[in-house]
Amino acid sequence: MQYSIGVEYALHCLVYLIDIPEDSPTGIKELSYFQGISDTYLSKTFSKLSKAGIVSSVPGVKGGYKLARSPEEISFWDVIEAVEGPKPIFQCKNIKDNGYLYREKGCSPSASCTINLVMLSAEEKMRDFLQSKTLAWLNEELNQVLSKQVREDTRKYFSKSNI
């Protein structure tokens, strides 16, 4: 299983929005330039985040994006689901129903597939874990693992327009 790079870009960009004043939305150009990616690509990602209610769009020349909810209310799973979509990771196709015994002997398949149940259980555990990690948690972690200077420089970059 692999999530698209859009999830990583989204999480990084969202954590940058935490310290932005309510009346100073951040534009896609600033975010994409800081990340070193195409503003077209990031714009598509932010459209998904906006549709999911994670960010809100502010139109106009001084417009951009801001968090639509508090960082404590936005989980990693919310971001993953917004960017990747809500479909399950494992998609059972009931291939057991095409097995030899069911084809040749007329046996009826059992009610549920054990493989599917295990995969769904694993996905549920992963989802629970990712729901427990929020943008607020990430922000605190970054305060621990990044230098104070890097954090200050990042905040300074987004506190004014550099593009």
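The second largest pocket of this predicted model is lined by 14 residues, and those nearest its centre are Tyr3, Glu84, Lys87, Pro88 and Ile89. A pocket here is an open set of points on a 1 Å grid over the protein atoms alone, with protein on both sides within 12 Å along at least five of seven lines, and a lining residue has an atom within 4 Å of a point. The space in the second largest pocket is about 190 Å³, where a volume is the space filled by probe spheres set on grid points joined across faces, edges and corners. Helix 4 supplies the largest share of this lining, with 4 residues. By class, the lining divides into 7 nonpolar, 3 polar and 4 charged residues; Ala, Val, Leu, Ile, Met, Phe, Trp, Tyr, Cys and Pro count as nonpolar, Asp, Glu, Lys and Arg as charged, and the others, Gly among them, as polar.

Helix 4 (residues 76-84) also packs against helix 6 (residues 114-132): their axes come within 6 Å and cross at roughly 115 degrees. That makes helix 4 roughly perpendicular to helix 6, a term that covers angles of 65 to 115 degrees. Axes are lines fitted to C-alpha atoms over the stretch in contact, with angles running from 0 to 180 degrees between N-to-C directions, while helices (H or I, at least four residues) and strands (E, at least two) are DSSP runs numbered from the N terminus. From helix 4, Phe76, Trp77 and Ile80 meet Met126, Arg127, Leu130 and Gln131 of helix 6, contact being heavy atoms within 4.5 Å. The residues of this contact comprise 5 nonpolar, 1 polar and 1 charged.

On the helix 1 side, Ile5, Gly6, Tyr9, Ala10, Cys13, Leu14 and Leu17 meet Tyr41, Leu42, Thr45, Phe46 and Leu49 of helix 3. This contact of helix 1 with helix 3 has 10 nonpolar and 2 polar residues, and no charged ones.

The largest cavity holds about 70 Å³ of space and is lined by Val15, Tyr16, Asp19, Ile20, Asn139, Arg151, Thr154 and Arg155. Two or more of these residues come from each of helix 1 (5-17) and helix 8 (148-159), and helix 8 gives the most, with 3. The lining of the largest cavity has 3 nonpolar, 2 polar and 3 charged residues.

Among the strands, strand 1 (residues 55-58) and strand 2 (residues 64-67) run antiparallel and are joined by 4 bridges, where pairing requires that DSSP finds at least two bridges. Valine 55 stands opposite leucine 67, and valine 58 opposite glycine 64. The hairpin has 5 residues between the strands, and glycine 60 in this hairpin takes a positive phi near 110 degrees.

Residues are numbered from 1 along each chain as its sequence is written, and side-chain values use heavy atoms, with hydrogens and water left out. In this predicted model, local features need pLDDT of at least 70 and side-chain atom pairs count only at pLDDT 80 or more, whereas totals for chains, interfaces and linings use all residues.

Conventions. Parallel < 35°, antiparallel > 145°, perpendicular 65-115°, else oblique. 1 Å grid on protein atoms, 1.4 Å probe; cavity = no way out; pocket = protein on both sides within 12 Å on 5 of 7 lines; lining within 4 Å.
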